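Me: I have a model open beside its sequence, and I would like to learn how to read its features. Could you walk me through it?

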Amino acid sequence: MLFFTQCFGAVLDLIHLRFQHYKAKRVFSAAGQLVCVVNPTHSLKYAPTRCAAGQTSAEQGVLPPCHHHEAVHDPQLVPCTCPLFSCPWEGHLEVVVSHLRQTHRINILQGAEIVFLATDMHLPAPTDWIIMHSCLGHQFLLVLRKQEKYEGHPQFFATMMLIGTPTQADNFTYRLELNRNQRRLKWEATPRSVLECVDSVISDGDCLVLNTSLAQLFSDNGSLAIGIAITTSKVHNAEDEM
C-alpha cells in the first residue's frame, strides 16, 4: 500500500507538471515564445555567503583563506556561480556553463524571447527558481528567489546575470515582463556579471522586486509566468557600425 501511495503521488505530480506546461504553451504560443517550466529548489546556501565573507575580509585588508596551506591562487579562476549551494568548485569562466549543467543540473533554454514559468510560488522562503538562457552568442543566468528580507515578510527577487565579464554585460539589456488580467509590469536593466555575485545584486535591490500580494496578482494557480527578452545595447550597436 505504501509503494502504491508513493507511485500514485509521483504520477499526480507528473500530471500536474504536464498540465502546467500545456497551459503555459497554450497561453504563449500565439506570441511564438518558448516556455520553460521551472520547479523550485530550496536553497542550501544560507550560511554566511562566500560573497559576503570575501567582501568583509577585503574591507579588513585580509584575504580569506582558501585552504589550510598556503597556495598561489590563479586570478583567472572564478568560484561556482550557482546560488543554491556553497560549492567549492573553481574554474575558468569559459567552463562555468558546463559546470552548472553537469554538476547542478540547471537547464538551458535557447531563444531571443522565452517564458519562465515558476511553479509552486506558495512554498516557504528561502526558495529559488533558476534556468540558463542562451541568446545572442552568450549564456545568461536567470534567478528568481523567494526570500525574507524582513522577518515574516517574504519577497520575490528576479534578476538576469551574464555568464561573462562586467564589460561584456554592459553590451546587453534584458527585460522581465509580467502580464496577466489586463495588468502589465516590466523591469528593464543591464544584466550584472556572475562575477559580481547574485546575493549582492539581491541585497542591493538592483532587480525586479515583488511583494507577496503583487506576486499573487500576477500568478495563476500558484505559478508565475515571466517573459524574458534580451537585446544588445544601443551603445554596442553603434560601436559595431563604426
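**Reading strands, rings and cores**

Reply: Happy to, and let's begin with a turn: strands β8 and β9 make a hairpin with 2 residues between them, and Gly152 in that turn has a positive phi of about 85°. Keep in mind that this is a predicted model.

Me: Which other strands does β9 pair with?

Reply: Strand β13 (residues 208-211) runs antiparallel to β9, with 4 bridges joining them, and Gln155 stands opposite Asn211 there. Strand β12 runs parallel to β9, with 2 bridges; in that pairing Met161 stands opposite Arg192. Strand β9 (residues 153-162) is also mostly covered, since 8 of its 10 residues are buried.

Me: How many aromatic pairs are there, and how do I describe one?

Reply: For a pair of aromatic rings, give the distance of the centres and the angle of the planes. This structure has 2 such pairs. Trp129 and Phe156 form a tilted pair, 6.4 Å centre to centre with 40° between the planes. Trp129 is in strand β7 and Phe156 in strand β9, 27 residues apart, and the pair links these distant parts of the chain. Both Trp129 and Phe156 are buried.

Me: Why is the pair of Phe140 and Phe172 called edge-to-face?

Reply: Their planes stand at 85°, with the ring centres 5.4 Å apart, so the pair is edge-to-face. Phe140 belongs to strand β8 and Phe172 to strand β10, so this pair ties together parts 32 residues apart in sequence. Phe140 and Phe172 are both buried.

Me: Which residues have the most contacts inside the largest nonpolar core?

Reply: In soluble globular proteins, nonpolar side chains tend to be buried together. The largest nonpolar core in this model has 31 residues, and Phe116, Trp129, Leu144 and Leu176 have the most contacts inside it. Apart from that core lies another of 22 residues, among them Cys80, Cys87, Leu93 and Val96. If you select Leu144 and leave aside its neighbours within four places in sequence, its contacts include Trp129, Phe156 and Ile226.

Me: How many disulfides does the structure hold, and how far is the sulfur of Cys82 from the closest cysteine sulfur?

Reply: There are 0 disulfides. For Cys82, the closest cysteine sulfur is in Cys80 at 5.1 Å, which is too far for a bond. Cys82 is buried, with a relative accessible area of 0%, and Cys207 is buried too, at 2%.

Me: What should I look for in the backbone angles?

Reply: Most residues other than glycine have a negative phi, and most peptide bonds are trans. Gln182, in the loop between β10 (172-180) and β11 (183-189), has a positive phi near 60°. Cys197 also has a positive phi, of about 80°, and sits in the loop between β12 (192-193) and α5 (198-204).

Me: Is each of these buried or exposed?

Reply: Gln182 counts as exposed at 85% relative accessibility, whereas Cys197 is buried, with a relative accessible area of 9%.

Me: And where is the cis peptide bond?

Reply: Look from Ala125 to Pro126, where the peptide bond is cis with omega near 0°. Pro126 lies in the loop between β6 (113-118) and β7 (127-135).

Key:
Residues numbered from 1 in each chain as written. Predicted model: local features only at pLDDT ≥ 70, side-chain atom pairs only at ≥ 80, totals over all residues. Heavy atoms only, no water. Disulfide = S-S within 2.5 Å. Buried < 20%, exposed > 50% of the residue type's maximum accessible area, 1.4 Å probe, protein only. Core = buried A, V, L, I, M, F, W, Y, C linked by side-chain atoms within 4.5 Å. Contact = heavy atoms within 4.5 Å. Pairing = 2+ DSSP bridges. Phe/Tyr/Trp six-rings, centres within 6.5 Å; stacked < 30°, edge-to-face > 60°.
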